[in-house]
Amino acid sequence: MARAGELLELARARISSAEDRTREELVRYGQGRGQLASVLQSRDAEEDARLAYAETNAACHQLALRYRALAA
């Protein structure tokens with residue numbers, strides 16, 4: 001299960017990176033140096049990262065349950 005923890009940590013890092021990018025795009029847009037499309041794309045990337053985290057978490061839990069069922 002240590003590997004599952006690594007996968008979840010990577011997924012959390014992806015979320016954090018996407019959030020940072022959104023903040024940067026919002027600053028650029030606020031300064032008139034960026035486009036709204038870039039802000040929206042970065043928000044989409046955030047949501048994709050959150051979805052990937054949820055899917056990874058669900059898969060890890062499912063594997064853990066299968067393992068416990070086999071071990072019983």
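Setting aside residues up to four places away in sequence, glutamate 46 touches Ala18, Glu19 and Thr22, where contact means heavy atoms within 4.5 Å. The model is a predicted one, in which local features need pLDDT of at least 70 and side-chain atom pairs count only at pLDDT 80 or more, while totals for chains, interfaces and linings use all residues. Residues are numbered from 1 along each chain as its sequence is written, and side-chain values use heavy atoms, with hydrogens and water left out.

Glutamate 46 lies in helix α2, helices being DSSP runs of H or I with at least four residues, numbered from the N terminus. Helix α2 covers residues 36–71, and its 36 residues should span 52 Å at 1.5 Å a residue, which agrees with the 53 Å between its end C-alpha atoms; the expected span is 1.5 Å times one less than the number of residues.

Several residues of α2 are buried, namely Val39, Ser42, Glu46, Ala49, Ala52, Cys60 and Ala64, and what covers them includes α1 (2–30). Relative accessible area sets these classes: buried is under 20%, exposed is over 50%, and partly exposed lies in between, with a 1.4 Å probe and protein chains only.

| Residue | Relative accessible area | Class |
|---|---|---|
| Glutamate 25 | 9% | buried |
| Glutamate 46 | 11% | buried |
| Leucine 40 | 44% | partly exposed |

On the side of α1, glutamate 25 lies in that helix and, leaving aside its neighbours within four places in sequence, is in contact with Ser38, Val39 and Ser42. Of these, Val39 and Ser42 are among the buried residues of α2. The side chain of glutamate 25 is also joined to that of arginine 28 by a polar contact of 3.0 Å, a term for a pair of N or O atoms within 3.5 Å in which, within protein, one must be able to donate a hydrogen and the other to accept it, residues adjacent in sequence counting only if both atoms are side-chain atoms.

Leucine 40 lies in helix α2, and its C-alpha atom is separated by 14 Å from that of glycine 30, which is 10 residues apart from leucine 40 along the chain. Together with Tyr29 and Leu36, Leu40 forms a nonpolar patch on the surface, with about 280 Å² of accessible area in total. Such a patch joins nonpolar side chains (Val, Leu, Ile, Met, Phe, Trp, Tyr) within 5 Å, from residues with over 30% relative accessible area and no salt bridge.

Methods: Helices (H or I, at least four residues) and strands (E, at least two) are DSSP runs, numbered from the N terminus. Patches are made of residues with over 30% relative accessible area and no salt bridge: like charges are joined within 9 Å, nonpolar side chains (Val, Leu, Ile, Met, Phe, Trp, Tyr) within 5 Å. Accessible areas come from the Shrake-Rupley method with a 1.4 Å probe; for residues, only the protein chains shown count as cover. A salt bridge is a side-chain nitrogen of Lys or Arg within 4 Å of a carboxyl oxygen of Asp or Glu.
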